[in-house]
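The following paragraphs lead through the fold of a protein chain and then through the side-chain contacts within it. Please keep the sequence and the model in view while reading.

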Amino acid sequence: MLILALVAACGLAGCARQSHSGKPTASASDIDCMARAMYFESNRSSRDGMIAVGSIVMNRVQSDSFPNSVCSVVSQRNQFAPGVMTKAMSGQAKALAEASASAVLVGERHPNVAGARFFHAAWYDANFNNIHYVLTAGGNAFYEKRRPEDVTSPNPLSQIEGITG
């Protein structure tokens, strides 16, 4: 799985390099940073939750409002779980996170996340009038910030799994 992770294509700003075959590849540090965000932010047994977290990270990389690299987004202060860059990962959840990270860096996205750039634990009551929820998966509720009059899903959606690979 590590070999697959090392040859995963990225194709987005700041993380593509050319391999000997001429295809873009993700750097080992991008894979590690993405896997860490997925591992520490999602229910560690949910591929959908991990892919959704990765989709949020990539949406932030593409946004002018956030840093422009995977590792810079994931290590941004007060944005992800404490210790996301320093705690150890292990077991099957680590392998799932690395495989999911590779998939996102190749270009896979959770289809329900679309352009959303935010999420919180599904149990948390955010209680803001500008949150438009798009998905609940892996123990998190994913959302867009909108003008209050444009919010049509003001409450977290029912959890769904099994949409991604």
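**Fold and side-chain contacts**

Along the sequence, the protein chain follows the pattern α-β-β-α-α-α-α-β-β-β. It has five helices and five strands, where helices (H or I, at least four residues) and strands (E, at least two) are DSSP runs numbered from the N terminus. The model is a predicted one, in which local features need pLDDT of at least 70 and side-chain atom pairs count only at pLDDT 80 or more, while totals for chains, interfaces and linings use all residues. Residues are numbered from 1 along each chain as its sequence is written, and side-chain values use heavy atoms, with hydrogens and water left out.

Of the 165 residues of the protein chain, 47% count as buried. Buried here means under 20% relative accessible area, exposed means over 50%, and partly exposed lies in between (1.4 Å probe, protein chains only).

A disulfide is a covalent bond between the sulfur atoms of two cysteines. A search of the whole structure finds one disulfide, the term being applied to a pair of cysteine sulfur atoms within 2.5 Å. Cys33 is joined to Cys71 in this way, with an S to S distance of 2.1 Å. The pair links distant parts of the chain, since Cys33 belongs to helix α2 and Cys71 to helix α4, 38 residues apart. The torsion about the S-S bond of Cys33 and Cys71 is about 100°, and the disulfide is therefore right-handed. Both Cys33 and Cys71 are buried.

Helix α2 (residues 28-41) also holds Arg36 and Asp32, which are four residues apart, about one turn of the helix. Side chains of opposite charge can pair when their charged atoms come close. Arg36 forms a salt bridge with Asp32, and their closest N and O atoms are 3.2 Å apart; a salt bridge requires a side-chain nitrogen of Lys or Arg within 4 Å of a carboxyl oxygen of Asp or Glu. Arg36 is buried, because its relative accessible area is 11%, whereas Asp32 is partly exposed at 32%.

The structure holds five salt bridges. Another of them brings together the side chains of Arg146 and Glu144, at 2.8 Å from N to O. With a relative accessible area of 29%, Arg146 counts as partly exposed, while Glu144, at 19%, is buried. The side chains of Arg147 and Asp150 likewise meet in a salt bridge, at 3.5 Å from N to O. Salt bridges that share partners join Arg147, Glu149 and Asp150 into one network.

Attention now turns to the aromatic side chains. A pair of aromatic rings is described by the distance of the centres and the angle of the planes. The structure holds seven aromatic pairs. Rings of Phe, Tyr and Trp (its six-membered ring) pair if their centres lie within 6.5 Å; planes under 30 degrees apart count as stacked, over 60 as edge-to-face and the rest as tilted. Phe80 and Phe119 have ring centres 6.2 Å apart and planes at 55°, so this pair is tilted. It connects distant parts of the chain: Phe80 lies in the loop between α4 (70-74) and α5 (91-106), and Phe119 lies in strand β3, 39 residues apart. Phe80 and Phe119 are both buried.

Where the rings of Trp123 and Tyr124 meet, the centres are 6.2 Å apart and the planes stand at 85°, so the pair is edge-to-face. Trp123 is placed in the loop between β3 (118-121) and β4 (131-137). It is exposed, because its relative accessible area is 74%, and Tyr124 is partly exposed at 40%. Together with Phe128, Trp123 and Tyr124 form a nonpolar patch on the surface, with about 450 Å² of accessible area together. Patches are made of residues with over 30% relative accessible area and no salt bridge, like charges being joined within 9 Å and nonpolar side chains (Val, Leu, Ile, Met, Phe, Trp, Tyr) within 5 Å. Accessible areas come from the Shrake-Rupley method with a 1.4 Å probe, and for residues only the protein chains shown count as cover.

Further ring pairs link Phe66, Phe118, Tyr133 and Tyr143 into a cluster. The charged end of Lys145 sits over the ring of Phe118, 4.4 Å from its centre; such a contact requires NZ of Lys or CZ of Arg within 6 Å of the ring centre and within 35 degrees of the ring normal.
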